[in-house]
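The sequence and structure are shown first.

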Amino acid sequence: MIVVAGEALIDLVPEASGNALAPLLPARGGGPYNTAVALARLGSAVAFCSRISTDAFGASLTARLHEEKVDLGLVQRGPEPTTLAVAAVDAAGSAAYTFYCRGTADRLFTLPGPLPAATRAVSFGTCSLVLEPGASAYEELMRREARLGRFIALDPNIRAGLIDDPDAYRARFRRLLPSVSLLKLSEEDAQWLGDDIAGWLDAGPAAVVVTRGEAGLTAHTRAGAHAVPGESVRVVDTIGAGDTVNAALLHALSARGPLSAGALAGLTSDGWQQVLRFAARAAAATCARAGAEPPFAHELPALGV
């Protein structure tokens, strides 16, 4: 089982790009939430670890997880409202967000008890590592699970508008790296964090995967770099594309054997090419439709393992 830890929220997405007053359509989202759904659709056993409101939006969020066959045993519930993220989509389909998250349920996450014995990996990222007091609880969970020998994936998915103290956030990011096995981030995230791939690898991760939009993906390891181009597709929007890459990487790597830092270090160039191409195709499928709608396994070429 892969456990995905982090926020679930509601994206408010405009019906038309470029119009600030276009009607907003609610869509279930949040980076970790999208990652959990994508993993389930690809066929991985997955559990979601978060705090979700008992309001109508929260009920809808949990209903979808149930429909997608995501395990809800680690989900905490609370009466606080659901976080809202208002998206602005430009002509190229790229989305920027404004968050409404004061006193919301997901930021009040508390450290859970032991994770299921079947847990082989835990994925973290996005707003959950910014908003206190939940951010400290997620950090403690990451450290605890890393000490237990579990594979840790981190997708920072920077939302700069939420980060009041960039230097403090960057310091937290560096503190997390010794616990991380796989670091996945966008080219923009990497630049915001200091663009120090060699330093990040030295700090702990066995691999750093950088997404570059239509230019593709690159996996950096201590042994060298491996890259694939992006998949050509008519982009509707990019919402959830990075989350799909995160899920596809975890799914493809786990299909090759037990998830571990050692397995990443030992992956051949051909192996990385197969994993990265699978992730690129999954992301392209998400970009070809509106909202965070990751593909199902039958929509993608079979993994070569």
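Predicted model: local features only at pLDDT ≥ 70, side-chain atom pairs only at ≥ 80, totals over all residues.

## Salt bridges

A salt bridge links the side chains of Arg172 and Glu132, with an N to O distance of 3.0 Å. Because Arg172 lies in helix 4 and Glu132 in the loop between strand 8 and helix 3, this pair ties together parts that are 40 residues apart in sequence.

Arg172, with a relative accessible area of 10%, is buried, because buried means under 20%. Glu132 has a relative accessible area of 34% and is partly exposed.

In the whole structure, a search finds 15 salt bridges. Among them is the contact between Arg144 and Glu145, whose closest N and O atoms are 2.8 Å apart; both of these residues, Arg144 and Glu145, are buried. Another of the salt bridges joins the side chains of Glu68 and Arg64 at 3.7 Å, N to O. Glu68 and Arg64 are likewise both buried.

## Backbone geometry

Glu132 also takes part in a backbone feature. The peptide bond between Glu132 and Pro133 is cis, with omega at about 5 degrees. Pro133 is placed in the loop between strand 8 (121-125) and helix 3 (134-147).

Lys69 has a phi near 70 degrees and sits in the loop between helix 2 (56-67) and strand 5 (71-78). With a relative accessible area of 72%, Lys69 is exposed. At Asn157, phi is positive at about 45 degrees, although this residue is not a glycine. Asn157 belongs to the loop between strand 9 (151-155) and helix 4 (166-176). Its relative accessible area is 12%, and Asn157 is therefore buried. A glycine with positive phi is Gly43, which follows just after helix 1 and has a phi of about 110 degrees.

## Helix 1

How far apart are the end C-alpha atoms of helix 1? The twelve residues of this helix (residues 31-42) should span 16 Å at 1.5 Å a residue, and the end C-alpha atoms are 16 Å apart, which agrees.

Helix 1 is mostly covered, with twelve of its twelve residues buried.

## A negative surface patch

On the surface, Glu187, Glu188, Asp195, Asp196 and Asp202 gather in a patch of negative charge. One member of this group, Asp195, is found in the loop between helix 5 (187-192) and helix 6 (197-203). Asp195 has a relative accessible area of 46% and is partly exposed.

## Distances between residues apart in sequence

| Pair | Separation along the chain | C-alpha distance |
|---|---|---|
| Ala215 and Glu231 | 16 residues | 8.5 Å |
| Gly224 and Ser269 | 45 residues | 9.2 Å |
| Val3 and Thr62 | 59 residues | 16 Å |

Ala215 is found in the loop between strand 11 (207-211) and strand 12 (217-221), and its relative accessible area of 40% makes Ala215 partly exposed. Gly224 lies in strand 13 (residues 224-228). At 27% relative accessibility, Gly224 also counts as partly exposed. Val3, in contrast, is found in strand 1 (residues 2-5) and counts as buried, at 0% relative accessibility.

Definitions and conventions: Residues numbered from 1 in each chain as written. Heavy atoms only, no water. Patch = residues over 30% accessible without salt bridge, like charges linked within 9 Å, V, L, I, M, F, W, Y side chains within 5 Å. Areas by Shrake-Rupley, 256 points an atom, 1.4 Å probe, with all protein chains shown as cover. Salt bridge = Lys/Arg side-chain N within 4 Å of Asp/Glu carboxyl O. Lys, Arg positive; Asp, Glu negative; His and termini not counted. Charge placed at Lys NZ, Arg CZ, Asp CG, Glu CD. Helix = DSSP H or I, 4+ residues; strand = E, 2+ residues; numbered from the N terminus. Buried < 20%, exposed > 50% of the residue type's maximum accessible area, 1.4 Å probe, protein only. Expected span 1.5 Å × (residues − 1).
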